[in-house]
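Subject: Structure handover

Hello,

Here is the structure for you to look through. My notes on what turned up follow below it.

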Amino acid sequence: MFKCKTAWNKLAPLVRASSTLCLQNARKSVLRHGRRLEMVQRAQMSSGPAGGGGENTLYYVLVGATCLGGGVYAYRTVSGDKERYNERMIDIANRPKQRPSAAEAVTAVVAESKEEPVAEEPTLTEAPVEEPLVTEAVVEFTESEPVVEEPVTEPIVEASIPEPTVETQVTEPVVEASVPEPVIEISVTEPVAEALVVLQSEEPLAPIVEIETKPTPVIIAAHVPEASPVSESAAVSEPAPATESTAAHSDVPEHAAYLLIGGGTASFAAARSIRARDPGARVLIVTEESELPYMRPPLSKELWFSDDPKATETLRFKQWNGKERSIYFQPPSFYVSPTDLAKVENGGVAVLTGRKVVHMDVRENKVKLSDGAEISYEKCLIATGGVPRNLQVIERAGEEVMKRTTLFRKIEDFRSLEKISREVKSITIIGGGFLGSELACALGRRSTDLGLEVIQLFPEKGNMGKVLPEYLSNWTTEKVRKEGVNIIMDAVVKNVSYKNDKLEIKLKDGRLIETDHVVAAVGLEPSVELAKSAGLEVDSDFGGYRVNAELQARSNIWVAGDAACFYDIKLGRRRVEHHDHAVVSGRLAGENMTGASKPYWHQSMFWSDLGPDVGYEAIGIVDSSLPTVGVFAKATAKDTPKAATEQSGTGIRSESETEAVAGTLKAETVAPPRPVQQKEDYGKGVIFYLRDNVVVGIVLWNVFNRMPIARKIIKDGEQHADLNEVAKLFNIHED
């Protein structure tokens, strides 16, 4: 059509000029004026010779071509619309559910076809059929007997039932059901089993579309559970109840005053805070995992050093101080059943496991779960955390490589990797950050007893090279090597393949590493799948949901933990992925959900242990690209993570230090520390990270229970002329 229009636009001026000239010549002839041949010769509008009377030929040709083109276009458009209409009608007719009127219409069509006289056709009788319970329309092409297939112009809708069906012999090769509107025609040459399917839907009954086929044996049935036979009228008039769907959602409460999405540390901290301020609150936690809320740090730390062979099942471990505890925050008896949440007199906390929230309706205050259930809420917290990142070269490597790759995050990942470490001969850890270095030390301790080769590779020049200054990163690398780990630095993975029952890791510099299993510890990606449906803003620089100072994303919705991108009044907008931040942000979000309206001012800390002898705590912005000043002293027997937990009584150090408040800071009167020497054994010390000569981050190396002091230094935001004097506040020179 567009081509015809373009041609018409180009030739229309010529056509109009030719037509005008013809009218002028006719008018002059009537008025007995002479013909002005020079005008015809000058214009040459006709396709014939000048003055020959062929000037109308082009006009007729163009008009005819335009009409013909328009007709062709109209024919094709109508034909295409008809095909699309038929396809749409078939699709509507095959939808999972229809109103009871659909079954009545089908019955009417069958009855009308039976009443229509057909030559030499015996009377068709139907035996009682079973009432089918249909929850989903299934289109199958199955053959119960060998048949001769012939091409058809339209798809044949088939379904099969395991129940016995009624077969009716017919002598005619075709049984047609005809109504004034288009109908479905199915040609058969074999006995046809008919089953009346009761369909329910909120949509109106669509016209039945005629499907023309060549004579082909067809079996029409429905997947139905066992049911007692009923009459045809009963099958038509009584729709089947959707008992399966109701049973699937029976354990899902319809409403929760406080809905917490995610079952991690932030959600549990929020639930505990809500209950503290509102003792009668009813809190529902929805988690995709099958576990109750638990702490993640022991998965890469203490659990690997447990002497109990059943630790992977019980998930109980000994802390560095020798005390035993569980990875779970609370035992199952602490929680109430989701079905009883609305009935409990004094409220409580319920956990709905194995369910994922896939959609949020913020206007109606509802969420939709992965199984289709819906839950309404009054206040909602999003604490979905994140998912481990993977290397693209591994994702593109194929199924065999992915089966031999672990993305470490959950309890099931710990159990899987612990089992693999006892079965294979070599494990390679990709990543030199906190998680990668902790797992490398943990597996390295086992390498001698298990005969396991542990390899760690990363692109930096040393372990935790993005966090620690270079001299301390190099010292840490040597410490990890002593644990039995083969360190490969400056390693950028180019390709991963599976050959001869081995994974081959090819680096960009040409080095080739063979291993049995790979652990990818290359960071975390915040889970923000609900941003689109909830209309929430995602930060383009740091990721995560952008929230205000009170951790609120929008009315009645708060965000806490790894998924929250918040504004730090001292350090600017940030997103933190550490246990302490999850505890404090979850606790504050829970308070604000009950009306506290408190701003988030807390400077969260994090810690990492390379076994029971070396550990550090950090706060603020710790980035090796910033200028640093380190002050160190000789370590003593009490300057280890083990001794620190013995003093504090807990292995999760943030739980004890977050409540502490630094009092008046008094520096000890001790001689100034010696300057840092490159070959020095860094037993313990303090590393200050500076931005514009202001301390924005602090690492306490084998210095424990001093975090309130570090937090106050960052909060003050002052410039310090001599950081050696500031280091004295941490009493690092005490014996």
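Accessible areas here come from the Shrake-Rupley method with a 1.4 Å probe. On that basis the chain exposes about 38000 Å². Carbon and sulfur atoms supply 51% of that area. Please keep in mind that this is a predicted model.

**Overall**

The chain has 735 residues, and 44% of them are buried. It holds 19 helices and 34 strands. Take the contacts in the chain with a separation of 6 or more: 71% of these join residues 24 or more positions apart.

**Helix pairs**

Two packed helices are described by the angle between their axes and the distance between the axes. I have two pairs for you.

The crossing is right-handed. From α7, the contact uses Thr 265, Ala 266, Ala 269, Ala 270, Ser 273, Ile 274 and Arg 277. From α15, it uses His 579, Ala 582, Val 583, Gly 586, Arg 587, Gly 590, Glu 591 and Met 593. By class, the residues of this contact are seven nonpolar, five polar and three charged.

Glu 418, Ser 421 and Arg 422 of α11 meet Leu 443, Arg 446 and Leu 450 of α12. That contact divides into two nonpolar, one polar and three charged residues.

An α-helix has 3.6 residues a turn, so residues three or four places apart point the same way.

**Helix α18**

Is α18 largely enclosed or open? Start with the count: α18 spans residues 707–716, and seven of its ten residues are buried, so the helix is largely enclosed by the rest of the structure. The buried residues are Met 707, Pro 708, Ile 709, Ala 710, Arg 711, Ile 713 and Ile 714. Gly 717 follows α18, with a positive phi near 65 degrees.

**Glu 291**

Glu 291 sits in the loop between β8 (282–286) and α8 (311–314). Is Glu 291 buried or exposed? Its relative accessibility is 18%, and the cut-off for buried is under 20%, so Glu 291 counts as buried. Its side chain makes a polar contact with the side chain of Tyr 328, at 2.5 Å. Leaving aside neighbours within four places in sequence, Glu 291 is in contact with Tyr 328, Thr 353, Ile 411 and Arg 415.

Most residues other than glycine have a negative phi.

Asn 365 is not a glycine, yet its phi is positive, about 55 degrees. Asn 365 lies in the loop between β12 (357–361) and β13 (366–369). Its relative accessible area is 19%, so Asn 365 is buried.

Asn 500 also has a positive phi, near 55 degrees. Its place is the loop between β20 (493–499) and β21 (502–507). Asn 500 has 74% relative accessibility, so it counts as exposed.

Best wishes

Note on methods: Residues are numbered from 1 along each chain as its sequence is written. This is a predicted model: local features need pLDDT of at least 70, side-chain atom pairs count only at pLDDT 80 or more; totals for chains, interfaces and linings use all residues. Side-chain values use heavy atoms; hydrogens and water are left out. Helices (H or I, at least four residues) and strands (E, at least two) are DSSP runs, numbered from the N terminus. Buried means under 20% relative accessible area, exposed over 50%, partly exposed in between (1.4 Å probe, protein chains only). A polar contact is a pair of N or O atoms within 3.5 Å; within protein, one must be able to donate a hydrogen and the other to accept it, and residues adjacent in sequence count only if both atoms are side-chain atoms. Contact means heavy atoms within 4.5 Å. A crossing is left-handed if the near helix is turned anticlockwise from the far one by less than a right angle, and right-handed if clockwise. Ala, Val, Leu, Ile, Met, Phe, Trp, Tyr, Cys and Pro count as nonpolar, Asp, Glu, Lys and Arg as charged, and the others, Gly among them, as polar.
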